[in-house]
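Student: Hi! I have a protein model open and would like to walk through it with you. Can we start with one residue and go from there?

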Amino acid sequence: MKKRKFKPADRTNRITYAIREVAQEARKLERETNAKILYLNIGDPTKFDFDVPQHVKDAMCEAVQKGYNFYSPSSGLDELREAVVKREKRDNDVSIKPDDVLITSGTAEAILAILAAAFCPGDEVLVPSPVYPPYISAAEFYDVNPVEYRTIEEDGWVPDIDDIRRKITNKTKAIIIINPNNPTGAVYPQKLVREIIDIAGENDLFVISDEIYDRIVFSGTKAPNAAALAHDVPVIVLYGLSKVYLATGWRIGYMYKWDPDDRLSDLWSAMLKFLMVRISGFTPAQRAAIAALLGPQDHIRALVNKLRERRDFVYRRLNEIDGISSTLPDGAFYIFPRIGISKYKGNDKGFVLDLLRQEKVLLVHGSGFGHYGQDHFRLVYLPPIPILSEALDRIERFVRNIK
Ligand SMILES: Cc1ncc(COP(=O)(O)O)c(C=O)c1O
């Protein structure tokens, strides 16, 4: 009998993740040539000079020592759900109940739960473009159709309201916003968030608002919270501890619903069923999350100040390079410049791979973030200035040498 080679599910072919794909290329190059590569591709602050605040680490250790090593309920520890309620009241002036909150293993799992359980095959969901890639991959994996709406580069990458209106069909179920945005660093002003909520209301849709970078903003103190602006429009807010609280590897996040007319409760039960399949989130991190959300918040100011300096530095250096131009990002830790070099028109991946091979700097090509990301790249400015400076020297030299 000929032994078969086992075949994976076709639906996995729909998963692409530009950020990790280019990283594979870099690792290969590293293995083959021993090259020392500057990685400016992944948004993980703990890889650089940022760390989880000490009191949050202490809470994690204490949780393990005190026996919080059991399965938590699939919806999350009740005391954390209550802490989320308090945090949302304190920071966003939103009044929700613990039952409105689901704790997830990172915001990534909340994205999966929503697309798996809140949408039917063939439903459409509007996503900002350029977009954080898992929104596209998760949607396609679950046979949901992600429809990209344009964000306007010249205006700092804010959503094009007319394009959102144009792209609504009778299959559209929800509008996603990511604010502050990955990959563009845009922060959508309150007026615009309200306009998007109004469009959702007029068209009987709900809003999904990913606010994981909410306190990492450079003018003002916080990006607008969609639930606080929504009145009777249903909103699901996604949050996590990977960015503002720097705990990427702990895999802890949450989502909550703002649902005054009880229109999301069936979706909520369906998402809870999805979360039951994985039994429980990581219990010690849930205890630590209480300390993060309700304990001292002083680290945030230091984090934002450090990032502002790095943002200003890369913004200035990038715009000094002939053929590269960028708008000023106002949040998160990404910058998304345009490649205006004829050799690479329509081939941003070529630009990124050639830069990698010649100068050993790793960026991510803009087209990996959707249609409106074409002819751009994303640079993560988390590293300290000396590393950023070296990377910018290399990018400058690469562009200067393009024939
Ligand atoms: C917009 C956005 N949402 C969600 C995530 C996932 O974060 P987590 O570590 O909480 O899964 C990221 C991570 O980069 C992100 O940029």
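**A chat about the model**

Tutor: Happy to! Ser280 lies in the loop between helix H9 (265-277) and helix H10 (283-294). Helices here are DSSP runs of H or I with at least four residues, strands are runs of E with at least two, and both are numbered from the N terminus. This is a predicted model, where local features need pLDDT of at least 70, side-chain atom pairs count only at pLDDT 80 or more, and totals for chains, interfaces and linings use all residues. Residues are numbered from 1 along each chain as its sequence is written, and side-chain values use heavy atoms, with hydrogens and water left out.

Student: Is Ser280 buried or exposed?

Tutor: Ser280 counts as buried because its relative accessibility is 13%. Buried means under 20% relative accessible area, exposed means over 50%, and partly exposed is in between, using a 1.4 Å probe and protein chains only.

Student: What does the side chain of Ser280 reach?

Tutor: The side chain of Ser280 reaches the backbone nitrogen of Ser72, at 3.0 Å. That is a polar contact: a pair of N or O atoms within 3.5 Å, where within protein one must be able to donate a hydrogen and the other to accept it, and residues adjacent in sequence count only if both atoms are side-chain atoms.

Student: Let's switch to the ligand. Which residues surround the ligand?

Tutor: The ligand is surrounded by Gly106, Thr107, Ala108, Tyr132, Ile178, Asn182, Asp210, Ile212, Tyr213, Ser242, Lys243 and Arg251.

Student: Which polar atoms lie 2.7 Å from an oxygen atom of the ligand?

Tutor: One is a polar backbone atom of Thr107, and another is a polar side-chain atom of Arg251. Lys243 also has a polar side-chain atom 2.8 Å from an oxygen atom of the ligand.

Student: How much of the ligand does the protein bury?

Tutor: Taken alone the ligand exposes 400 Å², and the protein buries 93% of that. These areas come from the Shrake-Rupley method with a 1.4 Å probe, and for residues only the protein chains shown count as cover.

Student: Let's look at the backbone. Where are the cis peptide bonds you can show me?

Tutor: One joins Ser129 and Pro130, with omega about 0°. Another joins Asn179 and Pro180, with omega about -5°. Pro130 is in the loop between strand E3 (124-129) and helix H5 (134-141), while Pro180 is in the loop between strand E6 (172-178) and helix H7 (190-202).

Student: Why point those out?

Tutor: Because most peptide bonds are trans, and most residues other than glycine have a negative phi.

Student: What is the phi of Trp157, then?

Tutor: Trp157 has a positive phi of about 65°, although it is not a glycine. Trp157 sits in the loop between strand E4 (145-152) and strand E5 (158-159), and counts as buried because its relative accessible area is 2%. Asp262, also not a glycine, has a positive phi near 55°; Asp262 is in the loop between strand E9 (253-258) and H9.

Note on methods
A residue is near a molecule or strand if one of its heavy atoms lies within 4 Å of it.
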